[in-house]
Amino acid sequence: MSQPVKVKVSLPILASHIDHSLLHPTLTDAQITNGLHLSKKYSVASACVKPSSVPLAAKILASSPVKVCSVVGFPHGSSSSATKIAETIEALDAGATEIDMVVNIGKVLGGEWHYVEHEVNAINRIVTTRGGLLKVIFENDYLEEEHIRKLCEICTELGVGFVKTSTGYGFVKQENGMYSYKGATVPHLKLMRESAGPDVQIKAAGGVRTLDDFLYVMSLGVTRVGASATEAIMEEARSRGIGDEEIEVEVKQIDGTSGGSY
């Protein structure tokens, strides 16, 4: 029988792994403002907002350690490289210090790796020159393992900060005509950690909704989680005796053999 997996955790450690997601297209400025104040309350790593919300986020978070994260080419990655570059510069000028950029998924599926590499490299150079951090979103639901592995290799070579599983909006048409998505799955997270270099971090997005989900992906080497359920996760941690001091907790194992998400 295998030994139980444990992780070291505290409320500050949990918070440092969270990018609080404020990306739903229906969110009003009032709702985004509430979400930004929640991000400050829990001192999460960043608040991830739509490009139009960056100035608001920069204003509200100015006095806090919470970073402003903006998305680029979101959610389908199909903008031209020039548009993505302009969007990146605008976000940085408005106060963002982290950028979550979606790759051009069609170019990835077509094996046009020179295009993909050139685009990621151009944006990574802009972001890092300004002292920022780039996270590259793959949208794994659309990809095969070979694509994920190759993207990890490219991002490693270019010195990207993070590789990220999903946007949360990569809905795939099913046989019954309905659309759904898996988001961050156990097999894909393991594949990304194995395929990316040690200096490239992993961000899970889509499907991590409970504390047990969160602890499990941490045990796989994930160091950021895109979460809209931030308050529920943090309060569940508090109710289970996790506080400001670091403790070791056992991780509830999640079966990833079927490829399912959380």
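Modeller: The buried residues of helix α2 pack against α1 (11-16), β2, β3, α3 (54-60) and α10 (230-239). Contact here means heavy atoms within 4.5 Å. Helices (H or I, at least four residues) and strands (E, at least two) are DSSP runs, numbered from the N terminus.

This is a predicted model, in which local features need pLDDT of at least 70 and side-chain atom pairs count only at pLDDT 80 or more, while totals for chains, interfaces and linings use all residues. Residues are numbered from 1 along each chain as its sequence is written, and side-chain values use heavy atoms, with hydrogens and water left out.

The helix itself comes next. α2 has 14 residues and reaches 20 Å from its first C-alpha to its last, close to the 20 Å expected at 1.5 Å a residue; the expected span is 1.5 Å times one less than the number of residues. Ile 32, Gly 35, Leu 36, Leu 38, Ser 39 and Tyr 42 of α2 are buried. Buried means under 20% relative accessible area, exposed over 50%, and partly exposed in between (1.4 Å probe, protein chains only). Seen down the axis of α2, the buried residues fall within an arc of 160°, so they line one face of the helix. The arc is that of the directions from the helix axis to the C-beta atoms. An α-helix has 3.6 residues a turn, so residues three or four places apart point the same way. On the face of α2 turned away from the buried side are the exposed residues Asp 29, Asn 34 and Lys 41.

Now the sheet beside the helix. In this model 8 strands close into a barrel in the order β2-β3-β4-β5-β6-β7-β10-β11, with parallel pairing. From one strand to the next the twist averages 25°. Helix α2 (residues 29-42) packs on this sheet, touching β2 and β3 (46-49), and its direction makes about 170° with that of β2. Axes are lines fitted to C-alpha atoms, for helices over the stretch in contact, and angles run from 0 to 180 degrees between N-to-C directions. Strand β2 (residues 18-22) also pairs with strand β11 (residues 222-227) in the parallel sense, over 3 bridges. Two strands pair if DSSP finds at least two bridges between them. His 20 stands opposite Ala 227 in β11.

Helix α10, one of the partners of α2, has its own buried residues: Thr 230, Ile 233, Met 234 and Ala 237. Seen down the axis of α10, these fall within an arc of 95°, so they line one face of the helix. They pack against α1, β2, α2, α9 (211-219) and β11. After α10 comes Gly 241, whose phi is positive, near 90°.

Phi of Ser 43 is near 55°, a positive value in a residue other than glycine. Most residues other than glycine have a negative phi, and most peptide bonds are trans. Ser 43 is partly exposed, with a relative accessible area of 40%.

Val 66 is in contact with this end of the chain segment: leaving aside neighbours within four places in sequence, its contacts are Ser 39, Lys 40, Ser 43, Val 44, Ala 45, Ser 46, Ala 47 and Leu 61. Val 66 is found in the loop between α3 and β4, and at 4% relative accessibility counts as buried.

Glu 139 is in the loop between β6 (133-137) and α7 (145-158). With a relative accessible area of 1%, Glu 139 is buried.
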